[in-house]
Amino acid sequence: MNLKDPDSMNLIIGNVLRYGVLISGIVILTGVLRLAASSSYSDTSSFLTYNPNTIPHSIFDYSLNGLLRGLAAFNPYSLIELGVILLIATPVSRVSISVFLFAAERDRLYIVITAVVLCLLLFSMLVTPFIPGFHA
Amino acid sequence: MLLLEFTLILFLVSIFAGVFGSIVGLGGGVVIIPVLTLLLGVDIHFAIGASIVAIIGTSSGAASTYVKDKVTNIRVGMFLELASTSGAIVGAALASYANSPALELIFGVILIFTLVPTVMKIGEDVPKSPDLKGLSRRLRLTGSYSEPNGSVVQYNATKPAAGLVGTAAAGVLSGLLGIGGGAFKVISMDLAMKLPMKVSTTTSNFMIGVTAAASAGIYYARGDVNPIIVAPVALGILIGAFIGARILLRSRNPTVRKVFAIVLAVTAVQMILSALGVTI
């Protein structure tokens, strides 16, 4: 594939998005099927309790360790969480890859624009949750 | 309610939300939030967490088709993402100090005002394309796409600075409340930058995933992304977005505008009611 061909950018970005949603969809579906097998007829109320006084506000474990342990045990909630993380990562990958695609087109202005967007995005996603005073 | 029942209802509603969200470029939260809070009795925080996931799903799911078909303008999207991501950070920084209901009221009223020019343009097929000059020329904010009848529409963007301001407002709203950004993105491209309606909604659709991802970290860390809720939402939304993208490519600009005007009116009313303390 010739990366200087302007059409290749549309094709590559389109594929990054397509495979991103496909993989995350499959992982989430696996989690749902595991959940359906174990607790289809459970009541939802215990899962849906919102507790404003604890972090996290729900009963699920969102820590990295919890996620890894859950995945090792093929836990349905952990599979769904992994799928959701992959889904959230899809637009981030799209922006990251765009930096290289504009570089292949030698489009300096857009290399800078896209790189700045990527930095702002990563800052907002990963840093602002830990800055006191952000996000009331 | 039984888990099975809850999951099925949410799955079906999300397909519907994905179809509409991908056509109008807003992402489907408009449908999912009221169904979760009013019909299923879910806390608004979980509803917003689910809406963030729904927006990312609609955006990525439909954009894969729109980008390959070149109806989305990638350069316009990347350029405006400068404003939407900055806006999201500003919104997050303001969240502790801002009076959210007052801001919601202001944004809601602005949306009501934008309804007038949006409705006035109903019937417009392709806007008269301005010459490519100034900043638009430097940023190469131009493009072309094919209509279903085979005709190729060539267009140029105008007033990129105005587009940037409108998109920044969209970002602030997303960062502040987690919702409502898409409408301002479409309006910025439609009313300020004079892009064809389908280019505006699909480029907004392309951008909303990035804006939502910018706010996703905090909702995830807080535990507002509830697996029981987001699983059927994500799966339904992806299927809906796949269907919606195919419908949009076969539709003409006036049809897309009509659907957008209706969703815009609903969004504005929702925002104003929410400001007045009625959560829907």
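1. Two residues are in contact if their C-beta atoms, placed from the backbone, lie within 7 Å. By that rule, take the contacts in chain A between residues at least 6 apart in sequence: 56% of them join residues at least 24 apart.

2. Some ground rules. This is a predicted model, in which local features need pLDDT of at least 70 and side-chain atom pairs count only at pLDDT 80 or more, while totals for chains, interfaces and linings use all residues. Residues are numbered from 1 along each chain as its sequence is written, and chains are lettered from A and ligands numbered from 1 in the order in which they are written.

3. Chain A overall. Chain A has 4 helices and 0 strands; helices (H or I, at least four residues) and strands (E, at least two) are DSSP runs, numbered from the N terminus. The pattern along the sequence is α-α-α-α. The radius of gyration of chain A is 19 Å, whereas a compact globule of 136 residues would have one near 14 Å. That radius is taken over C-alpha atoms, and the globule rule is 2.2 Å times the number of residues to the power 0.38. The C-alpha trace of chain A spans about 55 × 40 × 25 Å along its principal axes.

4. Burial in chain A. Of its 136 residues, 37% count as buried. A residue is buried if 20 or more other C-beta atoms lie within 10 Å of its own, exposed if 12 or fewer, and partly exposed in between, with C-beta atoms placed from the backbone.

5. The A–B interface. In all, 58 residues of chain A are in contact with 55 residues of chain B. On the chain A side, helix 1 (6-39), helix 3 (76-104) and helix 4 (108-127) each supply at least two residues. Helix 1 of chain A gives the largest share, 15 residues. By type, the chain A side divides into 36 nonpolar, 19 polar and 3 charged residues. Here Ala, Val, Leu, Ile, Met, Phe, Trp, Tyr, Cys and Pro count as nonpolar, Asp, Glu, Lys and Arg as charged, and the others, Gly among them, as polar.

6. A:Gly14. This residue lies in helix 1 of chain A. A:Gly14 counts as buried because it has 20 C-beta neighbours inside 10 Å. Leaving out residues up to four places away in sequence, A:Gly14 touches B:Ser64, B:Val67 and B:Lys68. A:Gly14 and A:Arg94 are 80 residues apart in sequence, yet 8.8 Å apart in space, C-alpha to C-alpha.

7. The core. The largest nonpolar core has 122 residues. Such a core is a set of buried Ala, Val, Leu, Ile, Met, Phe, Trp, Tyr and Cys residues joined through C-beta atoms within 7 Å. Those with the most contacts inside the largest core are B:Ile32, B:Ala50, B:Val53, B:Ala213, B:Val230, B:Val233 and B:Ala234. B:Ala234 touches A:Ile28, A:Gly83, A:Val84, A:Leu87, B:Val53 and B:Gly57, not counting residues up to four places away in sequence.

8. Helix 11 of chain B. Residues 253-275 form this helix, 23 in number. From first C-alpha to last, helix 11 reaches 32 Å, close to the 33 Å expected at 1.5 Å a residue; the expected span is 1.5 Å times one less than the number of residues. Its buried residues include B:Phe260, B:Val263, B:Leu264 and B:Met271, along with B:Arg257. Among the elements covering the buried residues are helix 1 (3-24), helix 5 (100-120) and helix 10 (227-250) of chain B. B:Gly277 follows helix 11, with a positive phi near 95 degrees.

9. Helix 5 of chain B. Its buried residues are B:Glu104, B:Phe107, B:Gly108, B:Leu111, B:Thr114 and B:Thr118. Their cover includes helix 7 (160-177), helix 8 and helix 11 of chain B.

10. Strand 1 (residues 142-146) and strand 2 (residues 152-156) pair in the antiparallel sense over 5 bridges; strands pair if DSSP finds at least two bridges between them. B:Tyr145 stands opposite B:Val153. The turn holds B:Gly150, whose phi is positive, about 95 degrees.

11. Backbone points to check. A cis peptide bond joins A:Ile55 and A:Pro56, with omega about -5 degrees. A:Pro56 is in the loop between helix 1 and helix 2 (64-72) of chain A. A:Arg106 is not a glycine, but has a positive phi of about 50 degrees. A:Arg106 sits in the loop between helix 3 and helix 4 of chain A and is exposed, with 9 other C-beta atoms within 10 Å. B:Lys70 also has a positive phi, near 60 degrees. B:Lys70 counts as partly exposed, with 18 C-beta neighbours inside 10 Å.
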